[in-house]
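I opened the notebook to record what I looked up, entry by entry, with each cut-off written beside the term it belongs to.

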Amino acid sequence: MERRTFLIGTGAVALSTGLSRNAFGQTKPEKSKVTLGVGGKPLLYYLPLTIAERKGFFKEEGLEVEINDFGGGAKSLQALIGGSVDIVTGAYEHTIRMQAKGQDVRAITELGRFPAIVIAAKKDKAGQIKSAADFKGLKIGVTAPGSSTALTAQYAMVKAGLKPTDAAFIGVGSGASAVAAMQKGEIDVISHLDPVISKLESEGDITILIDTRTEAGTRALFGGSNPAATLYTKKDFIDANPVTTQRLVNAFMKSLKWLQTAKPEDVAATVPPEYHLGDRPLYLKAVQNSLESYSRDGIVPPDGMKSVMDMLQQLDPELKDAKVDLSATFDNRFVKQAAS
């Protein structure tokens, strides 16, 4: 117990006094084996996680990270709250939802600065489905109900004058199952991510209506920046494991730095071959489409926090009048330390 207290104190002092990263790195992580939850690991939304794993960045930081893929962001959040994982790579909006419920969940690194979510209609219905205003009564495929893909589609509907409940949201998973759902006609519209979107687009199955892989597309829908994937966890975990938390952030910051200069070919050679969905040239195109979306500095900006909060208050009656301290949704100490 005394040693644990000492380590926590050491980590806190290192963070508060701004010791060099080398000095901080000499302290052993309190928890060298960490369980991490993710909702659809093959998706490019979560590419920084796969890069950290495949390039050995976790091992470089003295960590053994067990990754549990739950197929949808809402499920990985449930795993965190339930205690079956220590940390999650997931949408920033989950931190706001949890803070509103009195659960102190905080992002510690921004991974995606744009949502990178694309909303598209089935090609043979493009004549009837020209915008989100036409979604009433349709079946919309998303990674999982309650995930950021569903939320983005609902927000587009509300902006177009519909209710978020005016369409049926169907979980189609994160890989080949999502492609199949559209190709078999099980859904009319898809709100999803690359490489699924690029696969459907290349085969002529969809017509893109909304594209938040770029800054321009993100601003068109949200009116400003809209932070996407983050690394988040409970404040209790951060307080008990500050050195472990720093090491995790260090690994993800290495991923973001690597991605800033990586070519699509570098990414394709690094990820598992099955991530290519059987079409490597297509995967290269998907990576090229997504590279702009990754965070440059790991920081969730205040205007981005407000953008997400505004979206949630429009969509969720429970959050309409919620008072959330947005500064509590992102702990920037670890990113700053990693960059020093």
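**Entry 1: Val 172**

I looked up Val 172 and found it buried, with a relative accessible area of 8%, where buried means under 20%, exposed over 50% and partly exposed in between, for a 1.4 Å probe and protein chains only. I note that the model is predicted, that local features need pLDDT of at least 70 and side-chain atom pairs pLDDT 80 or more, while totals for chains, interfaces and linings use all residues. Residues are numbered from 1 along each chain as its sequence is written, and side-chain values use heavy atoms, with hydrogens and water left out.

I placed Val 172 in the loop between strand E7 (168-171) and helix H8 (176-183); helices (H or I, at least four residues) and strands (E, at least two) are DSSP runs numbered from the N terminus. Setting aside neighbours within four places in sequence, I listed its contacts (heavy atoms within 4.5 Å), among them Gly 141, Thr 143, Ala 181 and His 192. I also checked Phe 330, 158 residues away along the chain, and its C-alpha atom is separated from that of Val 172 by 30 Å.

**Entry 2: aromatic pairs**

I counted three aromatic pairs, taking rings of Phe, Tyr and Trp (its six-membered ring) as paired if their centres lie within 6.5 Å, with planes under 30 degrees apart stacked, over 60 edge-to-face and the rest tilted. Phe 58 and Phe 252 form an edge-to-face pair, at 5.6 Å centre to centre and 70 degrees between the planes. This pair links distant parts of the chain, since Phe 58 sits in helix H4 (residues 57-60) and Phe 252 in helix H12 (residues 242-261), 194 residues apart. I found both Phe 58 and Phe 252 buried.

Tyr 155 and Phe 222 form a stacked pair, with 5.3 Å between centres and 10 degrees between the planes. Tyr 155 belongs to helix H7 (residues 148-159) and Phe 222 to helix H10 (residues 215-222), so this pair ties together parts that are 67 residues apart in sequence. Tyr 155 and Phe 222 are each buried.

**Entry 3: the whole chain**

I counted 16 helices and 10 strands in the protein. Its radius of gyration, taken over C-alpha atoms, is 20 Å, close to the 20 Å that the globule rule gives for 340 residues, so the protein is as compact as a globular protein of that length; the rule is 2.2 Å times the number of residues to the power 0.38. Buried residues make up 59% of the 340 residues, and the C-alpha trace spans about 65 × 45 × 35 Å along its principal axes.
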